[in-house]
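Hi,

Here is the structure I promised to pass on. My notes follow below it; tell me what you make of them.

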Amino acid sequence: MAVQKLFPDAQVTIGPWIEKGFYYDFDKEEPFTETDLKKIKKEMDRIISRNLPLTREEVAKEEAEKRIKAINEPYKLEILEGIKTEPITIYKIGEEWWDLCAGPHLERTGQLDKRAIELEFVAGAYWRGDEKKQMLQRIYGTAWESEEQLKAYQVQKEEAKRRDHRRLGQDLNLFSIQEDAGGGLVFWHPKGSMVRHIIEDYWKKMHFANGYELLYTPHIAKLDLWKTSGHYEFYKENMFDQMRIEEELYQIRPMNCPFHIQVYKDSLRSYRELPMRVAELGTVYRYERSGALHGLFRVRGFTQDDGHIFCLPDQIRDEIRGVLDLTEIVLKQFGFTKFEINLSTKPEKAVGSHEIWEKSTTALREALQDKGWEYSIDEGGGAFYGPKIDVKIEDAIGRKWQCSTIQVDFNLPERFNMVYVDTDTSRKQPILIHRAILGSIERFFGILVENYAGDFPLWLAPVQARLLPVTDHEVDYCKNVVAKLREKGIRAEVVFGERLGKLIRNAETQKIPVMAVVGPKEVESATLTVRTRHGGELGTLSLDDLTHKIQLATSSCGVL
C-alpha cells in the first residue's frame with residue numbers, strides 16, 4: 001500500500017512471508033533506491049498510525065477478475081487464473097487498498113509496532129522465477145512483535161554477516177567459485193581441501209565401523225537408467241542436458257541411488273545378506289538457475305554423503321535406530337548438539353500398500369522413541385514413495401540447518417524389480433532406506449565455516465601450527481621442525497619474509513591455532529616459544545613436548 005501511494009505506476013505481484021520476515025515483488029520502471037526505502041517505511045508508519053481496519057471479503061472469481069482489470073494489475077490477474085478454489089478472498093486496508101490473499105491478518109494496522117518493522121534491501125527477481133520473464137524488484141523486510149525482538153534479530157544478522165562463509169572462504173583461502181569455469185562449481189584450495197579430507201576421512205572410518213561397505217560409482221550413465229528410476233520423468237528440469245556417445249544418450253548423474261541399486265542387483269541376494277549397507281561420497285550435478293546460486297549452499301556440482309540400506313521389512317526399526325545413532329555421533333563430532341527432528345507421514349498420493357506404510361511409519365516412530373528424541377509430526381509431508389525423518393542442527397548463533405535425512409522408499413525397489421530370496425525360496429522385494437548425515441560436503445563445509453566463524457577447532461584446522469622465524473637465520477631450523485611435525489601427522493608450516501609483528505598478526509587473522517616463535521635462543525636450545533589462540537602463552541617447549549600436546553588435543557578434539 002505504501003509503495004503504490006508513493007509510486008502509483010508500480011504494479012504489484014506477490015509478497016509472501018518467509019522465515020525471517022517477508023518480501024514483495026514490484027514491477028517498476030525505475031529501480032528503488034535506499035532513499036525510496038526510507039520514504040516507503042515512513043509511509044508504512046503513517047498507515048500504522050492511522051489504525052485502519054483490515055477486513056476480509058469473499059467474492060466470486062468473476063468479480064475478482066472484474067476488480068483486478070479495473071485497476072490494471074496484470075500480474076494479479078495471472079495469479080487469479082491459477083487459483084482453483086472459490087470463493088476468492090480479498091483483504092482490504094480501510095477503503096483505500098486491497099490485495100488477493102488467503103489471510104488471516106490482524107484486525108487493525110495499529111496493532112503493528114512500527115518500531116519493530118524494518119525494510120532491509122532491494123533485489124532483482126524474475127516473475128515466477130523464470131529468467132525469460134519480466135525482471136521485478138523485490139523489497140525485503142522483517143517484522144516482529146516488539147522493538148527488542150527486532151534489535152535481537154539485527155544483532156544476529158550482523159553476526160551472520162561476520163560469519164558469512166563466502167567472505168571467510170576468500171579471506172582464509174579455503175575455496176573459490178571461478179566464473180570463467182562456470183557458476184556453481186566449487187574449486188577447493190589447499191586449506192579447504194585439507195578440511196574436506198579430514199571430514200571425509202572421519203566419515204569413512206565411522207561408516208566402515210558401523211557396518212557399511214564403501215562404494216565408488218560412475219558420474220554418468222545411459223539415459224535409460226534415469227528413465228527407469230523416474231528421475232527423467234519427474235526431475236528433468238533439475239538435470240543437465242544429455243550427451244551423445246556412440247549413438248546412445250548418456251546423463252550426468254543428479255542422484256546416486258540408481259548406481260547403488262545396480263551394485264545390489266549385480267547378483268541375486270539372499271535374505272541372509274540383508275541388511276546390506278552401502279555408502280558413497282558421490283558427486284552429483286544438478287541444474288540450478290544462476291540467480292539461485294549461493295556460495296557453497298546452492299551449487300551445481302556437489303558431493304552427497306549418500307548411504308543406502310537394503311533390508312527386510314522387520315529390520316526397518318533397528319536400521320533406522322542405527323542411522324539415528326550414527327547421525328548423532330557424527331554431528332556431535334563436528335560440534336552440533338542441538339537437533340530439531342521431524343517425522344513426515346504418508347501424503348494423499350503415494351505408492352506402496354497401506355500395510356507397508358503403516359509398518360514403516362511405526363518403525364520410524366519407534367526408532368525415534370527408542371532414541372529418546374523429541375520430534376514433531378508433519379502429517380502428509382512424506383514423499384510419495386515413503387515416510388521420512390529430517391534432522392536440523394542448530395549452529396553457534398541459533399540458526400537451524402537441514403542436514404540429515406532418513407527416507408524409506410517403496411518406489412525404486414519396484415521400478416528396478418529388486419528382489420531377494422526369502423526363507424521359503426520365494427522372491428520378495430526388499431525395503432530401501434536412503435540416508436544422508438551431512439547432506440552434502442559443500443553445504444556442510446559452509447555451515448561449519450559459519451558455525452566456527454572460520455576459527456576451526458584444532459583437530460579440524462587446515463594448519464594446526466605455524467612457525468615464525470624472527471630472522472632469515474632461523475628459517476632452516478624452522479623447516480626442519482616442520483618436517484618432523486608433519487612426519488607425526490601434524491599439519492604445520494613455516495612463514496617468513498616479514499617483520500615478526502606482522503607475521504604474528506597474519507597468523508591471528510588466518511586463525512592459526514598454534515604459533516611458535518623461533519629466534520637465536522630457540523635454535524641454540526632446540527626449543528620453540530609457543531602461544532595459542534585459545535590457551536595463550538605456553539612458554540618454551542621442546543619439539544617432543546609440543547608434538548605430544550598437539551597430538552593429545554587432536555585425538556580428544558580439545559584445545560591446546
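Ile389 stands opposite Ile406 in strand 21. Behind that pair are 7 bridges that join strand 20 to strand 21 (residues 400-409), the two running antiparallel; strands count as paired if DSSP finds at least two bridges between them. Strands 20 and 21 form a hairpin with 5 residues between them, and Gly398 in the turn has a positive phi of about 85°. Strand 20 (residues 388-394) is also joined by 6 bridges to strand 18 (residues 339-344), again antiparallel. There, Phe339 has Ile393 of strand 20 as its bridge partner.

A word on provenance: this is a predicted model, in which local features need pLDDT of at least 70 and side-chain atom pairs count only at pLDDT 80 or more, while totals for chains, interfaces and linings use all residues. Residues are numbered from 1 along each chain as its sequence is written, and side-chain values use heavy atoms, with hydrogens and water left out.

Overall, the protein has 18 helices and 29 strands (DSSP runs numbered from the N terminus: H or I of at least four residues, E of at least two). Buried residues, those under 20% relative accessible area with a 1.4 Å probe and protein chains only, make up 49% of the 560 residues.

Helix 7 (residues 190-209) is worth a look too. Gly211, which follows helix 7, has a positive phi near 85°.

Best wishes

Note on methods
Buried means under 20% relative accessible area, exposed over 50%, partly exposed in between (1.4 Å probe, protein chains only).
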